[in-house]
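Trainee: Could you take me through one part of this structure slowly, the open sheet and what lies around it? I would like to see how the pieces connect.

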Amino acid sequence: MSGFNTRAIHAGQDPDPATGAVIPPLHLTTTYKQDGVGGLRGGYEYSRSANPTRDTLQTALAALEQGTRGFAFASGLAAEDTLLRTVCRPGDRIVLGGDAYGGTYRLISRVLEPWGVTHQPVDLNDADAVRAAVAPETTRVIWCETPSNPLLNVSDIAALAEVAHASGTLLVVDNTFASPYLQQPLTLGADVVVHSTTKYLGGHSDVVGGALVVSDAELGERLAYHQNAMGAVAGPFDSWLVLRSLKTLGVRVDRHSANAGRIAEWLLEHPAVGDVLYPGLPQHRNHDIAAKQMSGFGGMVSFRLRGTDRAAAEEAALRVCEKTTLFTLAESLGGVESLIEHPHRMTHASAAGSPLEVPADLVRLSVGIEDVEDLLADLEQALSS
Ligand SMILES: Cc1ncc(COP(=O)(O)O)c(C=O)c1O
């Protein structure tokens, strides 16, 4: 198999046989001429079922994650919903990390629970707790987000795969924060990889999308059926944008990681800052696991503010979010531009009052690919003001 960057540029993307176009064409069509009833050209019938631009993206995603089949959706949550309603039935249970993305938790706890699918949050770093939470008859899925959003916890994918497979459970890994450039969960034993392609795979904050990638052919067939039957597919233009962005994923993530590493070290020394959460720091509680399963540490950094009490620390966190100028105050992540946010009140507000609530003094940075000295100067003026 060729290297990652070669696959990102070429997998599924041979020049167009009809015209020689080097870049895969954007097939903005809903339907396809049939040569006689049922005489489909290349299997294309209707664009919810299949579209050549989406197919090209799906082939590329499968190649990058080293899976056999990829599926592209209208958003990360649409991908998650399709997966969970494909593999779970009423009475089933989902075991998930105690710090999953707030939207994932909302989907599982508020949308799926009323349909009879229960859930249990656990510390995924505690193998005994995970084993105890998994009931072989009913636990269909262990849901692991690593690194997690926004606490940057890292879970041992190979160890979780062992626990899952000992009881016939699927291990699902949300690989959004790492991207396939830094981590390929299927090669470590995971059964399904989930992405919000809105983030690093899209990379330019201009497209919302999601993806699933699997190795198992039978699971792939079931997902293909449900992708069409449920219909939350990625549109052709959105697919084309993600496909274009995949080509630069490696160089972008190298730069995101270098900038984030430098900023994490700088924050460690800052008197206004308490804990710095970044898997690349040797003092991070899961640094060893991260170093074992990732080839770099990514562009996300979270940190907590010091304060005389909780309220003062929260106030300080809110102030920093409002004072930066180069770091734009906005939700989302993974684009080339740097963003800052307050997870407790923004991206993770839906987890308030639940076991997945995040600390109010936490600030999350999506470190972009600008010049790092400019980013440091912006943080310094915000932290010292
Ligand atoms: C880790 C993670 N997974 C899934 C999602 C959901 O993706 P989307 O917003 O594309 O639906 C997000 C969104 O922020 C996320 O951060």
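Mentor: Happy to! Let's start with an open sheet of 7 strands, whose order is β1-β7-β6-β5-β4-β2-β3 and whose pairing is mixed. Helices (H or I, at least four residues) and strands (E, at least two) are DSSP runs, numbered from the N terminus. Two strands count as paired if DSSP finds at least two bridges between them. This is a predicted model: local features need pLDDT of at least 70, side-chain atom pairs count only at pLDDT 80 or more, and totals for chains, interfaces and linings use all residues. Residues are numbered from 1 along each chain as its sequence is written.

At the edges of this sheet are β1 (69–73) and β3 (118–122), each pairing on one side only. From one strand to the next, the twist averages 20°. For angles, axes are lines fitted to C-alpha atoms, for helices over the stretch in contact, and the angles run from 0 to 180 degrees between N-to-C directions.

Now look at the two ends in turn. To find the pairing on your screen, pick F73, whose bridge partner in β7 is G210. Helix α8 (residues 217–230) lies across β1 and β7, and runs at about 155° to β7. Here, two residues are in contact if their C-beta atoms, placed from the backbone, lie within 7 Å.

At the β3 end, β2 (residues 93–97) and β3 pair in the parallel sense over 5 bridges. L96 stands opposite P121 in β3. Between these strands the chain crosses from β2 through α4 to β3, and this β-α-β crossover is right-handed. That word applies if, with the strands pointing away from the viewer, the path from the first strand over the helix to the second runs clockwise.

In total, 15 residues surround the ligand, and the closest are S75, G76, L77, S196 and T198. A residue is near a molecule or strand if its C-beta atom, placed from the backbone, lies within 6 Å of it. By class, the shell has 4 nonpolar, 9 polar and 2 charged residues. Ala, Val, Leu, Ile, Met, Phe, Trp, Tyr, Cys and Pro count as nonpolar, Asp, Glu, Lys and Arg as charged, and the others, Gly among them, as polar.

Next come the loops beside the strands. Most residues other than glycine have a negative phi, and most peptide bonds are trans. In the loop between α2 and β1 you will find Q66; phi of Q66 is near 60°, a positive value in a residue other than glycine. The loop between β4 (139–145) and α6 (157–166) holds P147, and the peptide bond from T146 to P147 is cis, with omega near -10°. P150 is placed in the loop between β4 and α6 too, and a cis peptide bond joins N149 and P150, with omega about 10°.

Finally, follow α2 to a helix it packs against. Helix α2 (residues 52–64) and helix α9 (residues 236–246) pack at an angle of about 35°, with their axes 8 Å apart. Among the contact residues are L57 and A60 of α2, and W240 and L243 of α9. Counted by class, this contact has 8 nonpolar, 3 polar and 1 charged residues.
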